[in-house]
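Please keep the sequence and the structure in view while reading.

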Amino acid sequence: MKLDDVKTIGIMGGGVMGGGIAQIMAIAGYEVVVRDLTHELVKVTQEAIFEGRWGMKRAVERGKLSFDECAAAIDRISFTLAPREMRDVDFIIEAVPEKLDLKQQVFAELDTLIKPEAIFTTNTSGFPVVDVARDVSEGRKPLFAGMHYSNPVPTMKMCEVIYTPQTSQDTIDAVKGVAEKAGRVVSMVKDEPGSYGFVMNRVFAAAKREADKIVEAGLATREDVDKAMMTGRNWPAAFYGQRGGIGKQW
Ligand SMILES: NC(=O)c1ccc[n+]([C@@H]2O[C@H](COP(=O)([O-])OP(=O)(O)OC[C@H]3O[C@@H](n4cnc5c(N)ncnc54)[C@H](O)[C@@H]3O)[C@@H](O)[C@H]2O)c1
């Protein structure tokens with residue numbers, strides 16, 4: 001599948017990332033179908049896309065999107081509970097929770113449902129793409145890549161594109177092209193078996209480990225580390241902050 005052949009995108013999992021990715025892909029002109037597990041979860045994602053802090057209504061209010069563009073993008077997004085509704089999509093972006101066995105199971109099922117030329121991508125935060133792709137057929141492996149977005153997707157422009165030794169050049173070009181068409185800045189990253197994280201999370205985790213060492217050694221308080229990095233290095237957010245900061249997960 002080449003970039004120009006990609007018309008429809010299936011998003012596995014609404015939620016924080018899937019909803020944001022659906023939004024940018026619909027605005028970019030793709031037909032988007034989002035699959036989640038219950039009507040209630042679908043409703044939460046719909047509200048985030050249409051009414052949320054980073055949603056389309058706010059984008060129109062802020063002059064980032066015209067009313068007509070917003071209406072057309074909304075028309076391009078549909079929601080389903082049934083994986084079989086994904087059977088005709090050209091391109092999958094998986095954004096289910098960060099559990100390797102769940103992602104493997106989701107892709108194994110999609111592999112049997114979706115046409116053999118469709119591209120599969122995962123928004124894993126850090127599992128090696130070869131591990132996520134483990135249970136798909138050999139024929140699909142050249143069509144498999146990582147697509148790691150940053151939260152909140154509508155405002156954070158980065159997308160790391162991760163390729164394995166098996167990912168074909170056509171797939172790399174198409175994945176990069178789809179991300180760029182959706183307004184992303186792309187960093188290319190080689191998959192590394194046995195590691196966790198690509199560029200963004202590995203570099204961030206290294207800095208956070210160092211910050212923790214400084215705090216644990218009693219050299220500076222958490223507040224002073226946050227102040228030093230935000231004021232002295234212009235980091236936009238705190239490691240620790242009042243509610244745990246952006247480094248909480250690390
Ligand atoms: N949240 C972030 O800041 C962030 C940033 C980059 C990457 N990621 C990665 O993106 C992925 C999703 O994270 P999130 O924060 O959006 O999680 P989330 O919990 O907000 O959303 C996941 C969604 O997937 C749905 N889901 C679960 N099983 C499913 C299935 N079998 N089929 C379809 N949908 C299913 C859930 O109901 C939920 O709505 C994870 O791999 C995460 O590591 C998250």
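Which helix and which strand each supply at least two residues of the shell around the ligand? They are α1 (15–27) and β6 (144–149). Helices (H or I, at least four residues) and strands (E, at least two) are DSSP runs, numbered from the N terminus.

The model is predicted: local features need pLDDT of at least 70, side-chain atom pairs count only at pLDDT 80 or more, and totals for chains, interfaces and linings use all residues. Residues are numbered from 1 along each chain as its sequence is written.

**The ligand shell**

The ligand is surrounded by 22 residues, and the closest are Gly-13, Gly-15, Met-17, Ser-125 and Asn-151. Helix α1 gives the largest share of the shell, four residues. The table sorts the shell by residue class.

| Class | Members of the class | Residues in the shell |
|---|---|---|
| Nonpolar | Ala, Val, Leu, Ile, Met, Phe, Trp, Tyr, Cys and Pro | 10 residues |
| Polar | the others, Gly among them | nine residues |

**The fold**

The chain has nine helices and eight strands. Its radius of gyration is 19 Å, close to the 18 Å that the globule rule gives for 250 residues, so the chain is as compact as a globular protein of that length. The radius is taken over C-alpha atoms, and the rule is 2.2 Å times the number of residues to the power 0.38.

Eight strands form an open sheet with mixed pairing, in the order β3-β2-β1-β4-β5-β6-β7-β8. Two strands pair if DSSP finds at least two bridges between them. At the edges stand β3 (77–80) and β8 (185–190), each with a single partner strand, so one side of each is left without a neighbour in the sheet. Strands β1 (residues 8–12) and β4 (residues 91–94) run parallel and are joined by four bridges. Gly-10 stands opposite Ile-92 in β4.

Lys-57 lies in helix α3 (residues 56–61). Is Lys-57 buried, exposed or partly exposed? Lys-57 counts as partly exposed because it has 14 C-beta neighbours inside 10 Å. A residue is buried if 20 or more other C-beta atoms, placed from the backbone, lie within 10 Å of its own, exposed if 12 or fewer, and partly exposed in between. Buried residues make up 36% of the 250 residues in the chain.

Definitions and conventions
A residue is near a molecule or strand if its C-beta atom, placed from the backbone, lies within 6 Å of it.
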